[in-house]
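I opened my notebook for a friendly look through one structure. Here is what I looked up, entry by entry.

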Amino acid sequence: MNILRLSATLPARHRIWPILTAIFCLAVMQWHIRHSIFLNGQDFEVYRTGAGVVFGDLYPGKTLYNYYLQEGKPIALPFTYPPFAVMVFAPFAFLPLGVGAGMMTLLAMSAALWISVLVLNYARLRGVTVPGEALLGSRSLVLVLATCITMFSPWDRSIGLAQINALILLLVMADLLRPASRLPRGVLIGIAGGIKLTPLAFGLILLMRRDIKGLLTLGASFLATVAAGFVFMPAAAREFWFYAISDPSRVGNINYVDNISTLGWLLHLGLTEGPLLTALRGSIIVALLAGVAYLIPVLHRRGMVLSQIALNGFLMLAMSPISWSHHNIWLPLLMAGLWLDAFPVFFALATKPVRWLAAGLAVLGCAGLIYGPMRIGIRMDPATHNLDELSHLALSLSALPIICLSALVLLWALVALRYRQQLASTQTKI
C-alpha cells in the first residue's frame, strides 16, 4: 500500500481560489513563525540551553541536569531528556534562539503538510472524496488542511513552544509507513525513544503485528542511543538514568489543567493520591492497552495503518504520568481514523444508540481538544490569574474532551470484539 504520494494533479480552476488559499496559508504561517521566534519558543530554549551547557560552556560549573538551579533557585526550565537528545540538539547551541525556533516551526509545518497528503491519499484509497477538493483541487486542499491542522490547539501550542514533537512524529510515522526492506522497522522509533522516552510505546504495533525483527531492531536502536550517552557523556548519563529520570519535581504540576494523561484527568475530577486513584488509573490504562492491542491486528489485516498509529499515539499519551495537551499532535490522525475507518467500517455494524453515542463522544472529544483544555479552563474560571488555581468545576470540564476520547477508544475496541465475525467475513485490505 502506497500512501506517500499526492497522486492527483490540480485541475484547472478559477484563479481566485489558489490566491485565497495562498493568502490564508501565508497569514497563518507568518503568525506561527512570529509567535515561536519572538513571543515564545520556551521549550526550544530548554533544548538550546541544554546543548549550550554541554557544548557551549553555558553556566560554567553546572551539569546538564542541574544547570537550572543557581543558589537553589530556578534560572531556567530543566532539561528532562536523555543524554542522546542533547547530542541531537548540539547544533542549536551555536545558533541564535530565533533561528533555531524558526527551524523548529518550519519542521512542524512540514509535518502537518505530510499528514495532509497522507490523509488525502488515505481517503482516496477508501473511495472517499474530501470536502472541498472539487472546489480547490488537491494541492490547494492539502495546503488548507495543513494550515488548519497547525491551528488546532495541540499544534498551535507545540509550534509556539518550538517543541520537538514534530520530529518525534516524523520519525515514528516514517518508520511505520516505509517499506521494511533492507532496514527493518523499529530503527527510527528507537532513535525517537533515545530523544524522548515515550515513543518507545509504539513498539506495541510491532509486537501485535508479530514483527519480532522490528522489535529487536527497536530495542537495539534505543540501546545504541543509551550507549552513546554513556560513551560520550558518562557523567550526564549516570545522572539521568539513575537520578533525574525519577525526579518528579522536574516535570511540573501533575494536576495542571493542561495534563491530559489518564492520571491528569483523574486528578482533575477531584481524586487525590492514594489507593483509589492508583487502582482507577491502573484499570483504565490496562483497559486501553488491551483495547488498542486487540484493535491493532484487526486494523493491520485491513490495511488501516493510520488508525494503528493514531490509537497507539493516544495510548502513549494516556499511559504517561504527564502528557501536556501540546504533546497530542497525533489528534489529526485519530480524527482521520475515526472518519475513514471507525465509523464507516466498525460502528456501522453497531446498533443505532451505539452509533449515536460514538458520534457524540467523537464530537465532544475532538472539538474540545482542538479548542484546548487550557482555554476551556480559562473560559470556565475567567477570574483566576493562575492556572494552577482553577476551580474544581473548571478543571473537571477541561478534562471532559479527553475523557470522551478515552471512552470512544474503548467503545471502538468493544465494537470490534462484539462484531469480530462480521468484520472477518467482510475483510478487505487497501
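**Entry: salt bridges**

I began with D156, which forms a salt bridge with R375, the closest N and O atoms being 3.4 Å apart. For a salt bridge I needed a side-chain nitrogen of Lys or Arg within 4 Å of a carboxyl oxygen of Asp or Glu. My helices are DSSP runs of H or I with at least four residues, numbered from the N terminus.

A note on the source: this is a predicted model, where local features need pLDDT of at least 70 and side-chain atom pairs count only at pLDDT 80 or more, while totals for chains, interfaces and linings use all residues. Residues are numbered from 1 along each chain as its sequence is written, and side-chain values use heavy atoms, with hydrogens and water left out.

I then checked how covered the two partners are. D156 counts as buried because its relative accessibility is 13%, whereas R375, at 35%, counts as partly exposed. The cut-offs I used are under 20% relative accessible area for buried, over 50% for exposed, and partly exposed in between, with a 1.4 Å probe and protein chains only.

How many salt bridges does the rule give? I counted five. Another of them joins E133 and R124, with 2.5 Å between the closest N and O atoms. E133 is buried at 14%, and R124 is partly exposed at 24%. I also noted R178 and D175, whose side chains meet in a salt bridge at 2.8 Å, N to O. Both R178 and D175 are buried.

**Entry: helix 11**

Next I turned to helix 11 (residues 212–232), where G219 has its place. With 25% relative accessibility, G219 is partly exposed. I found G190 29 residues away from G219 in sequence, yet 6.4 Å away in space, C-alpha to C-alpha.

T225 is in helix 11 too, and I have T225 down as buried, with a relative accessible area of 5%. What does T225 touch, leaving aside its neighbours within four places in sequence? I listed F84, G190, I191 and G194 as its contacts, where contact means heavy atoms within 4.5 Å.

**Entry: nonpolar patch**

On the surface I found a nonpolar patch formed by I16, W17, I19, L20, I23 and L135, with about 520 Å² of accessible area together. To join a patch, residues need over 30% relative accessible area and no salt bridge; nonpolar side chains (Val, Leu, Ile, Met, Phe, Trp, Tyr) are joined within 5 Å, and like charges within 9 Å. The areas come from the Shrake-Rupley method with a 1.4 Å probe, and for residues only the protein chains shown count as cover.

Helix 1 (residues 16–39) gives the most to the patch, with five residues. I19 lies in helix 1, and at 46% relative accessibility I19 is partly exposed.

**Entry: cysteines**

I searched the whole structure for disulfides and found zero. C148 is in no disulfide, and the nearest cysteine sulfur, that of C25, is 8.2 Å away. A disulfide needs a pair of cysteine sulfur atoms within 2.5 Å. C148 is partly exposed, at 29%.

C404 is buried, with a relative accessible area of 6%.

Technical notes. Helices (H or I, at least four residues) and strands (E, at least two) are DSSP runs, numbered from the N terminus.
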